[in-house]
Amino acid sequence: MKHDQHGLSRRGFVRGSVVGGACLGTPVLLPVVSARAADASGSPGEPSGTGGGSGADFTDQSAALTPDKTVATACQFCNSNCRLNVDLKSGRVLAVRGEDSDPVQQGQVCVKAELMPQLVYNTERLTRPLRRVSGAKGSPHSKFEAVSWEEALHTIAKKFLALRDAGQAHTIANRTTGRMPRGTGSLVARMFAMLGSPNNTDVGPVCNDAGGNALAMTFGLGNFTNGYGTDGATGKDDLGSASHYLFLGTNQAETHPVTFDYLLRGRKENNATLTVVDPRLTPTGAAADRWVAPKPHTDLALLLAMLHHIVQEKLYDKAFVKRWVAGFDELRRHLAKHQYTPEWAAKVTGVKADVITKMAVEYAKAKPAAIFCNAGISHQLGAFDTYRVATFLAAVTGNIGQPGGGCNFMHNTWPGDLHLPPLDADLPERREALPVGPDYFAESILTDNPYRLRAVVTQGNPLVSSANTTKVKKAFEQLDFYVYTGLFMEEAAYYADIILPVCSGLEMEGVYMRRDDRAIRWQDQAVDRVGESRPDWEIWVGLAHALAELDSRRPAAEWRAAFPERWMNYRELWDDFVTHTPGVGGMTRARMRQRTEPLRWPCPTEDHPGVSTLYLDHPSWYQAAESLDPANRGKRFLTPSGKVEISTPALEKKLAVTGHSALPIFYTHPEVTGRNPTLSYSRKFVTNPINPQAVTHPVRLGVPGSDAVHRDFPLMGMTGRPSVVHFAEVTHWTPTGKQLNGIRFIQIHPDTARRSGIADGDEVTVESPRGSVTGTALLWEGIRADTVFVPNTFGPAQKQGDLFDDPRYEAANTLPDDRFYDNLSGQQAFKCFACRVVKA
């Protein structure tokens with residue numbers, strides 16, 4: 001498929017700038033004026049919604065609409081990390097514009113920038129802490145009353161201390177989310193260490209942890225390997241200089257539109273080719289030279305076959321492999337033993353063998369070639385092993401440590417573990433954590449296995465994001481104590497005992513979202529906080545001081561020293577992070593505020609440019625690597641051997657306890673059609689070698705599958721983002737978000753729909769063995785006939801859709817089975833479930 005067949009233009013997913021906040025009561029897309037001079041040719045600078053024209057700025061010299069202040073901040077909605085220049089008049093938002101001087105952004109933003117002010121000016125915002133008064137947990141008729149912050153935090157502190165004093169500290173859990181200001185997780189970790197709970201979890205198992213785990217095991221760091229834009233150390237373009245892009249399970253045109261546009265510019269300049277692997281056609285696939293549609297959950301077979309062909313035909317980089325790769329001979333024998341040929345993979349994936357061969361040859365011969373992956377790979381029960389094989393592809397072809405190459409597994413970014421000053425306090429012994437992943441919370445509450453959680457705090461919405469939503473509802477109904485923090489009364493809030501209102505991105509300063517390539521911006525606060533809302537770091541520092549007042553065991557002075565009040569000011573908190581976190585010494589607030597583009601980690605000193613290409617054979621990388629750990633001195637790859645580690649005796653031993661091997665074998669989800677090899681879980685627990693603070697269930701791989709489920713549920717379903725408009729659930733609480741994409745469109749192949757008597761636009765029900773959800777049929781030739789796509793992030797509490805008579809949908813994650821997950825990373829298998837579609 002040629003990239004120009006579908007007429008995809010850059011304006012399909014990016015725009016010059018947006019107006020936000022002026023008429024938010026009427027959610028319409030207003031004609032806007034570009035951040036750059038517009039012309040009438042349809043260039044990226046053309047005003048969105050004007051349909052061409054002169055591009056004149058009709059607000060020029062308007063006394064009422066001339067801003068009196070502009071604040072530089074950043075978008076919170078995806079890892080493109082776009083700079084937003086917010087124009088203000090008397091403290092109100094007039095417009096949100098992109099940043100011209102960022103060579104990646106080039107003044108552009110996508111539609112979601114328009115939604116940022118709509119989070120501020122929103123009648124549904126939570127503005128005060130609330131306490132449950134009456135009503136069953138989960139009931140929409142639950143009653144809450146406003147309380148002071150002091151009372152809310154004291155209530156939480158009393159519960160935590162009561163559990164700790166009863167020897168139940170391990171039953172306290174927290175689940176963070178990607179929306180949090182950077183470093184908040186470090187505060188939570190410190191508090192949980194002092195309480196004695198091991199269950200401080202993050203959003204990674206719902207997002208993309210498996211990619212980071214695989215990167216760390218193979219190369220040494222669990223991060224996106226290359227950078228968008230110019231490498232400050234070499235002066236050369238990085239990802240824009242690729243000769244070939246291989247996209248696996250990533251719809252970057254809709255999930256990261258601005259950075260995708262940068263890649264398309266580089267592709268045009270270098271005549272690079274683009275292959276997109278996805279069971280359905282998306283705007284990303286429409287831009288590709290080759291769109292490949294395998295069965296869901298079979299990417300592992302596809303990658304093994306590509307690797308087999310490259311190794312068998314000696315298309316690998318012999319010099320790089322000899323110098324830098326450990327375990328290549330073992331890999332060659334492994335591939336030959338299992339006969340993971342393109343012909344074998346064709347039977348598993350439904351992709352023709354000659355297509356797989358061409359993909360392998362094109363990737364191996366292109367120099368450099370870049371791999372991109374996202375949730376389409378992460379949300380598989382074999383996510384870790386699939387990502388590992390992708391790292392092998394880059395390693396054997398010499399595409400790691402090279403500008404324009406690498407393994408760019410999205411959302412595996414920095415900042416992550418930001419370090420606080422050493423803790424001067426005795427810490428209690430902690431027992432083992434629950435299996436990795438917040439979706440295990442429900443199992444713990446309902447079965448007491450290995451123990452029952454009693455108190456949970458979330459910064460996300462598990463009633464929409466967790467697999468097998470019906471089971472999660474039952475668990476949260478039975479949970480003793482639940483604290484919900486958020487912007488709106490989302491579904492999870494109705495299960496809460498205490499509700500805490502948080503700020504949106506425009507209402508705080510600091511480091512918030514980050515770009516996939518380890519790059520961050522400093523953002524200034526643009527508008528006043530709404531009501532009594534607080535940013536997350538203030539909530540946790542405030543909770544620590546509440547604990548200090550009430551704790552009868554630990555001296556108050558220890559709590560206050562561990563959480564100094566000055567950290568209420570994020571600038572002070574960030575200064576401590578910079579001082580104590582390896583590789584962050586050059587990322588000061590002052591330096592970042594002076595920059596119009598983000599600054600990449602690692603960046604050890606203020607005269608260091610930051611690292612674009614990890615593992616680049618260059619002095620700037622070796623300096624940065626040593627700043628992370630003195631033991632890295634002279635190392636190119638930060639593994640024990642100093643090489644890319646495909647297979648070593650230590651890796652084999654490490655993974656064997658869980659049923660895995662350093663050299664993956666093929667297996668897939670039991671609900672993939674075709675009776676493929678799958679897996680079975682042991683009931684016992686072992687220490688998770690990837691996340692050793694936690695336990696996991698060992699697995700037996702290669703277990704013969706059964707197709708019994710497909711007698712009643714013949715199709716394979718998969719969930720994913722509805723469109724470029726939405727990012728998680730929060731955008732569904734904006735008028736424009738619901739105006740543009742308030743209907744859940746179930747994508748069904750026309751032949752499949754015809755056999756079920758379904759016409760385009762019919763109301764349909766998608767049913768799986770776990771439950772059912774409704775939506776509107778969208779007949780789409782660009783999807784496999786055996787596959788149905790169900791957009792996620794919709795939920796029944798989303799009131800903004802009422803304005804447009806949108807249905808209140810149940811969560812799409814009602815359909816997947818939470819029993820099937822990656823036992824190493826904790827990733828849930830959102831990308832395959834047996835289902836059927838019937839006319840409602």
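User: Which side chain meets that of Glu 532 in a salt bridge?

Analyst: This is a predicted model, in which local features need pLDDT of at least 70, side-chain atom pairs count only at pLDDT 80 or more, and totals for chains, interfaces and linings use all residues. Residues are numbered from 1 along each chain as its sequence is written, and side-chain values use heavy atoms, with hydrogens and water left out. A salt bridge is a side-chain nitrogen of Lys or Arg within 4 Å of a carboxyl oxygen of Asp or Glu. At 3.5 Å, N to O, the side chain that meets Glu 532 is that of Arg 128.

User: How many residues apart in sequence are the parts that Glu 532 and Arg 128 tie together?

Analyst: Helices (H or I, at least four residues) and strands (E, at least two) are DSSP runs, numbered from the N terminus. Glu 532 lies in the loop between strand E19 (519-520) and helix H18 (536-550), and Arg 128 in the loop between helix H1 (116-120) and strand E5 (130-134), so the pair ties together parts whose separation in sequence is 404 residues.

User: What relative accessible area does Arg 128 have?

Analyst: Buried means under 20% relative accessible area, exposed over 50%, and partly exposed in between (1.4 Å probe, protein chains only). Glu 532 is partly exposed, with a relative accessible area of 33%. Arg 128 is also partly exposed, and its relative accessible area is 36%.

User: How many residues apart are Glu 362 and Arg 290?

Analyst: The side chains of Glu 362 and Arg 290 form a salt bridge at 2.6 Å, N to O. Glu 362 is in helix H12 (residues 353-365) and Arg 290 in strand E11 (residues 290-292), so that distant parts of the chain are linked across 72 residues.

User: In which strand is Arg 836, the salt-bridge partner of Glu 767?

Analyst: The side chains of Glu 767 and Arg 836 meet at 2.5 Å, N to O. The two residues are 69 apart and link distant parts of the chain; Glu 767 is in strand E28 (residues 763-768), and Arg 836 is in strand E31 (residues 833-839).

User: How many salt bridges are there?

Analyst: The chain has 91 positive and 90 negative side chains, where Lys and Arg count as positive and Asp and Glu as negative, with His and the chain ends not counted. By the rule for nitrogen and carboxyl oxygen, the count of salt bridges is 38.

User: Which side chain of opposite charge is nearest to Arg 591?

Analyst: Arg 591 lies in helix H21 (residues 589-594). Contact means heavy atoms within 4.5 Å. Not counting residues up to four places away in sequence, Arg 591 touches several residues, including Leu 599, Cys 603 and His 608. Arg 591 is buried yet has no salt bridge, and at 5.9 Å the nearest side chain of opposite charge is Glu 606.

User: Is Thr 752 buried or exposed?

Analyst: Thr 752 lies in helix H25 (residues 750-755). Leaving aside neighbours within four places in sequence, Thr 752 is in contact with Leu 715 and Ala 785. Its relative accessibility is 6%, and Thr 752 therefore counts as buried.

User: With which residues is Arg 566 in contact, leaving aside neighbours within four places in sequence?

Analyst: Arg 566 lies in the loop between helix H19 (556-562) and helix H20 (570-580). Arg 566 is partly exposed, with a relative accessible area of 38%. The residues in contact with Arg 566, with those neighbours set aside, are Glu 572 and Asp 576.

User: What is the relative accessible area of Asp 805?

Analyst: Asp 805 has a positive phi of about 60 degrees although it is not a glycine. The residue is found in the loop between strand E30 (787-791) and E31. Asp 805 is exposed, and its relative accessible area is 71%.

Key. The place of a charge is taken as NZ of Lys, CZ of Arg, CG of Asp or CD of Glu.
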